[in-house]
Amino acid sequence: MNPRTLFIASCLALITSAFTFVIRGDIANDLGVTFELSKEQIGWVMGAAFWGMAISMLLGAGICDFLGMKLILICAFICHMVGVLGTIFAPHGDMAFAVLFGATFLAGCGNGLVEIAINPLAATLYPTQKTHYLNVLHAWWPGGLVLGGLIARLVVAPMIEKGFITLPEGVASWQVRMGLIVIPGVLYLLMVLSQRFPATERVASGVSTGDMFAEMFRPMFILWAFCMLLTAATELGPQQWQESVITRTSGMSGTLILVYTSSMMFVLRHFAGPLAHRFSPVGLLTVSAVLAGIGLYLLSFANSPITAIGCATIFGFGIAYFWPTMLGVTAERFPKGGAFLLGIMGSVGNLSIALILPFMGYTYDKYTVAAVPEALQQQVVAEEPANWALRLAGIEQVKKINSEAVKALPKDKDSDSAKAIVAAEAHGAAMSFRVVSALPILLVVIFGAIALRDKATGGYKAEVLMSRSEENELFAGGVQAAVE
């Protein structure tokens, strides 16, 4: 067993997951054109990945210790490859939507299984530096977003468009870009197959399965899982909407903003250890929540590329440590829960994302419609039933701009009606960010209270589990000391 090789394999697995995320977004329009899908159908296809992650993490969390982290990663590779190939070779016609949805769901399952394996693996390999190494590991999520986005959008696509790469008849550019996911996938599989994996920290320490499940019902863990709902929604909800929102409010590509903030996050996560030592992990999360809330709120007012970059910088600093530090504290304060609790946290986070995305879309529509002048209301506003995710929030109908009706308006961009629609959509886009910016306020209160409680009781303390051999050595040492 080589810990460094296992850690690098974990990073490559996370890069593969990031590739599925960014390339899926990059080819979304191509899928709609190729398979004649509506924007709503494309939205459902994209969202399938989060449901796949949530479900696979929920189911996989309880069996990771039984199957072992190596087998979990092999299963992740299979899901990734079936998902990629299913998308590339999806049939045209009535089955297109179902196949694309299923393929994206499986790719999401691969992402979830990767998380199920690599999080407890990092915690097992570095038991005294969990928060730091989980942040370093998860630096490769934004790192993969940057790498995959730049290769797909700025290298492969232009080379194909300019004729430097000649494709066989019937092969499209989007299929080649989707195929890029295979490269890091095969690399992590080869490294995984060559290594022997350790038992998880919980198993090595002899913690029973009953004690593992009991950890889930501790009040502090329930509160921590609630915080995961808020941190995940604050971080990844706006990131998924950046292209649509920032492009309309500031005139700058939201994808470029995503690449920029992802680059920031990649660098910042390598310095999580010193910062967590300086502030404590919970203190770091408190500061992060303050910056995330301020950054997202200001970003909703950004109306130029310069202001968008400035506000996104604050937001990027805020969200950089959310996901890995939440997992790090889980591993440090609830180590008896092992891979199971880490999986539960990941599942909770993905469910939060899956639910916040349609809510942000609803907010977008709601405020856009409200900003349309009354003279245009009847011409361009349509009403339709809400999807099931919105119905969970008690929303039965959704009013939105009817794109077909807008097309029927005068084509002149300088016309009053055209300006009014553009302004309304910009307002609706901004409000989708502004509403979500309220979530970090609650996080600041909760994280701040926990940090103050820690300080009053002697500071942040991580619970370290000992293996059976270490316990025996400690017991033997105590007996020897007593005899002497």
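**Cavities in close-up**

By class, nine nonpolar, four polar and four charged residues make up the lining of the largest cavity, in a structure that is a predicted model.

**View 1. The largest cavity and the residues closest to its centre.** The space in the largest cavity comes to about 210 Å³. Its lining is formed by 17 residues, of which Met53, Glu115, Trp141, Leu236 and Trp323 are the closest to the centre of the cavity.

**View 2. Helical elements around the largest cavity.** Two or more residues of the lining of the largest cavity are given by each of the elements α1 (3-26), α3 (39-61), α6 (96-125), α13 (219-250) and α19 (338-371). Among these elements, α1 supplies the largest share of that lining, with four residues.

**View 3. The second largest cavity and the residues closest to its centre.** For the second largest cavity the volume is about 90 Å³, and of the 15 residues that line this cavity, Ala123, Glu201, Pro335, Gly338 and Leu342 are the closest to its centre. Sorted by class, the lining of the second largest cavity holds eight nonpolar, four polar and three charged residues.

**View 4. Helical elements around the second largest cavity.** At least two residues of the lining of the second largest cavity come from each of α6, α11 (201-204), α18 (322-333) and α19, and it is α19 that provides the largest share, four residues.

Methods: Residues numbered from 1 in each chain as written. Predicted model: local features only at pLDDT ≥ 70, side-chain atom pairs only at ≥ 80, totals over all residues. Heavy atoms only, no water. 1 Å grid on protein atoms, 1.4 Å probe; cavity = no way out; pocket = protein on both sides within 12 Å on 5 of 7 lines; lining within 4 Å. Points joined across faces, edges and corners; volume = space filled by probe spheres on them. Nonpolar A, V, L, I, M, F, W, Y, C, P; charged D, E, K, R; others polar.
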